[in-house]
Amino acid sequence: MKHINLIIILLAVLASSALAQTVSSDTIATRLWRQVNAFPQEKLYTQTDRAEYTCGDTIWIRHHVVDALTGVPSYASRYVYVELVNPMGSMVSRVMMRQDENGAIYGYMPTTTDMPSGQYMLRAYTRYMAGTTPDYLFQRPLHLLSPMRNSVKIIPALDGGTMRMTFVDPNTGKAIQNGSIKVTNAEGDVAFTGNTAKGVRIHTLDIGSKQQCLLVRVGNYEEFVPVVRQRIDLQLMPEGGHTVVGQRCRVAYKAVSQNGIGIDMKAVVIDGRGDTVAVSERTHRGMGMFYITPESDHSYKVMCTASDGCTATATLPKAELHVPSLSVAQNSGSIIVSILRPEGYIPQSPLWLVAHQGGVPLFTKQMNQSSVRFERSVFRDGIAHFVLVDNNFNIVSERLAFVWNGSGVYATANDVKTSEVGHGMRRVSISLPDTVNANCALSITDAEAVCADTLQDIVSTLLLSQELRGHVEQPAWYFADRGRTGQLDLLMLTQGWRRYDVQKTLKGDITETKLKPETSMSISGVVTSDITPRGKKNVVVTMSSNRGGLAYTGVTDALGRFCFNSFEMPDSTGYMIMAQSAKGSMNVVLRVDNMSYPAVATSLSLASPSDSYEYSDISINTTRGQSWSHKNGMVFLPEIEVNAIKPPRTQYELLAKFGGTTINRESLEKEGNKSILNVLRNACISGLMYNSDREWFNYRNKEVYLFVDGTLVSSNYDRGNSIIDTWSMIQAYMQSLLASDVYQVDILKGHSVNGLPGIGGIDALSFDKCAILITTNRSSKSFHRTNVALINPLGYQRPAAFYNPKFDALEKYALRQTVYWNPTLRIIKGKLNFEFIQNGERELRLNIEGVDDKGKILNMYIPKL
């Protein structure tokens, strides 16, 4: 009887499960809505003041964060992280930018004059994006050009299996003689050394398959040069995912180099009998398309040829006999979605057509007819995803289509007026529909000196590249001309939508996230005993900073972990974290979590030569290092050996020579296990007096600064600048820090102290100052087992204003490339007004980008202002 009851219960469960899996329009729509609500996402576009920079320039930046579903500005994430990555995938710099009082996030990225020329990558993301959708981080190629770029032109080419480089003077076109060459790879290994007269010849096998570029040094000029390769990857992508027997099917192809760059190729399709059944001319960025009506049991080979004679071949997968496919066509007023059924196809189960945008269901219906017509007005601007689903929620076929009505973008103004207001100032008034309210960014550049950015803009990013899988080359190109809708549709055939896993969602497997947008900084870690790595609970942890009098106290949880949040400090802020047990014991080990960041790809997608901006011909005369410019030529001087004095052990040692003192490592080793406080007390340093009442040192009746590993730990000059609010914490730390834990102590006096970080206030110019700077020996085991941690995590970037001159000095500023930059320009009821000083009589270009409060994109470009 028990067995019978168990069987009945099991059958009931199976029946209910089967019932729950029944396909219906409501079931599909509900699951899509559940996924959207369970996993909110962000999109990000990073705007820069211009497209190209000379090394040493400042890159001015404004971020536009929007809700991925609605497109309206999102203020949930308070910070955006910006990284500059070189072509070899190495991090150059990272900056954290925060919202201002109006929710705008902007800042700058400095560069240095010694950076090599090349195509760098600007990567930007919020912490929420990095944790939930790491494949969707914003990336923008930036061309950085050395000030010496007019000295050497490097010409790479492929000769069989050998990459060769020649070097010419760009001013004369003649080969450069007697210039030293050094070529290194991403690991820093030297791949070649030689002379410019003979050029460079390196076999591709010696370069390595993973090397995307090489760093070439010619004299004093350096440039990242992309590696030239012959290998071509040819991919065939039938519309809907597969071809069907007996139906005229569209097949897209894409040919890319090993660097990920599209290679334009002409395609010829040959069947098994050797007959040509289709031909396709090259179209755009390695993509092409042809039509074919496949026959059963026939094979088809696609042979592609590039203009330089390189070839690639691929075999078309066999056409399906039992699986239908989707086909999409568009005209000016509608979108037609058709189902291509194989010849003799007998449906085994009902099929459902699903249409959604960004996960929002727009259409779900069982398909009995062969096609469905949609009015274009049903869709907003952007990518629409059409999915054909069987009765078990399996995706049978899918197709992307880009809907471009233009209704979601402001590209032109109702009126633009300019007027002279005196002293070289120019006033601009722009009128838009009075429903527009937005916080956007504006850039005015010298059109004669700076090229227009035709690779990427806010429209192509938010509506296109942030929605698709893989790298999209030159996304802005598709929107520059309404006649390119055919190429845009071809892109839809070769890329995939990536925001959610639609197959899992249709099956009822909803992806959720527990992460929350970052609203403040946080510092976390764990406290263990000094015997075992097991976490200790109820340990008191105190954190304070050297700015703003920040002081927090907390207690570790059952796992020994602690976390401080709800604070924010600028970059270069130092923090001291101290732990002691509930009984006051300091025999604990404090470990602070390292801040994690998304990994950077070791190889970046590099722009093809045809993508290169038309660089301006501004001549920059420089006198640096081995080379100098002379009558438009480059003179290479022979290398010389420089003999220098022994470098200082710390960055403060040279300053200590001006009236200060240094206690070096050898002297500290003789002190054994004495505390560093006792060492300093017994050192008898001139002018330094120990105050027994305060238990600290005075210099000329003023208390002494204390720095540990470059962090200002204690100061009595400005209590708001002190990392520690109680002298007992200083005493505890100084007593726990042993001489064996210290590498060197530098004591600075007088004006040398004024240049140290954190020294400021009304006493900034005083000469009655003294600072003790302790550099710890971080390899010491006892130092790592201390209950104190001094850290300098990444903080937010302090705002800096773009310099906009306010007086008549036209000739002096005639070489400005960015004439005016305003990252927080407010458009109120469609009205926008601003003033700037002109760049002499030169022609100017204006660009405004942003998103209004209703989610409409502003992308106004005026080539001649």
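Which residues line the largest cavity? In this predicted model, the lining is made up of Lys254, Arg285, Met287, His471, Val472, Glu473, Tyr478, Leu491 and Gln495. Four of these residues are nonpolar, two are polar and three are charged. The space inside the largest cavity is about 50 Å³. In total, the structure holds ten cavities of 30 Å³ or more.

Helix 5 was examined next. The helix spans residues 458-465. Eight of its eight residues are buried, so helix 5 is largely enclosed by the rest of the structure. The buried residues are Ile458, Val459, Ser460, Thr461, Leu462, Leu463, Leu464 and Ser465. The N-terminal end of helix 5 is capped by Asp457. A side-chain oxygen of Asp457 lies 3.2 Å from the backbone nitrogen of Val459.

Arg250 belongs to strand 17, which covers residues 249-257. Its relative accessible area is 14%. The cut-off for a buried residue is under 20%, so Arg250 counts as buried. A polar atom of the Arg250 side chain lies 2.9 Å from the backbone oxygen of Val328. Val328 is also one of the residues that Arg250 touches.

Asp746 sits in strand 49, residues 742-749. With a relative accessibility of 0%, Asp746 is buried. Its side chain makes a polar contact with the side chain of Thr650, at 2.6 Å. A polar contact also joins the side chain of Asp746 to that of Thr662, at 2.9 Å. Glu653 is 93 residues away from Asp746 along the chain, yet their C-alpha atoms are separated by 6.2 Å. Apart from neighbours within four places in sequence, Asp746 is in contact with Thr650, Tyr652, Glu653, Ala656, Thr661, Thr662, Ala771, Ile772 and Leu773.

A hairpin is formed by strand 25 and strand 26. Strand 25 comprises residues 352-357, and strand 26 comprises residues 360-366. The two strands pair in the antiparallel sense, over six bridges. Within this pairing, Ala355 stands opposite Phe363 of strand 26. Two residues lie between the strands of the hairpin. Gly358 takes a positive phi there, near 65 degrees.

Positive phi values were also found in residues other than glycine. Asn701 is placed in the loop between strand 45 (696-699) and strand 46 (702-703). Its relative accessible area is 76%, and Asn701 is exposed. Lys829 is another residue of this kind, with phi near 50 degrees. The loop that holds Lys829 runs between strand 52 (818-827) and strand 53 (831-837). The relative accessible area of Lys829 is 58%. The cut-off for an exposed residue is over 50%, so Lys829 counts as exposed.

Methods:
Residues numbered from 1 in each chain as written. Predicted model: local features only at pLDDT ≥ 70, side-chain atom pairs only at ≥ 80, totals over all residues. Heavy atoms only, no water. Buried < 20%, exposed > 50% of the residue type's maximum accessible area, 1.4 Å probe, protein only. Helix = DSSP H or I, 4+ residues; strand = E, 2+ residues; numbered from the N terminus. Polar contact = N/O pair within 3.5 Å; in protein donor to acceptor, adjacent residues only side chain to side chain. 1 Å grid on protein atoms, 1.4 Å probe; cavity = no way out; pocket = protein on both sides within 12 Å on 5 of 7 lines; lining within 4 Å. Points joined across faces, edges and corners; volume = space filled by probe spheres on them. Nonpolar A, V, L, I, M, F, W, Y, C, P; charged D, E, K, R; others polar. Pairing = 2+ DSSP bridges. Contact = heavy atoms within 4.5 Å.
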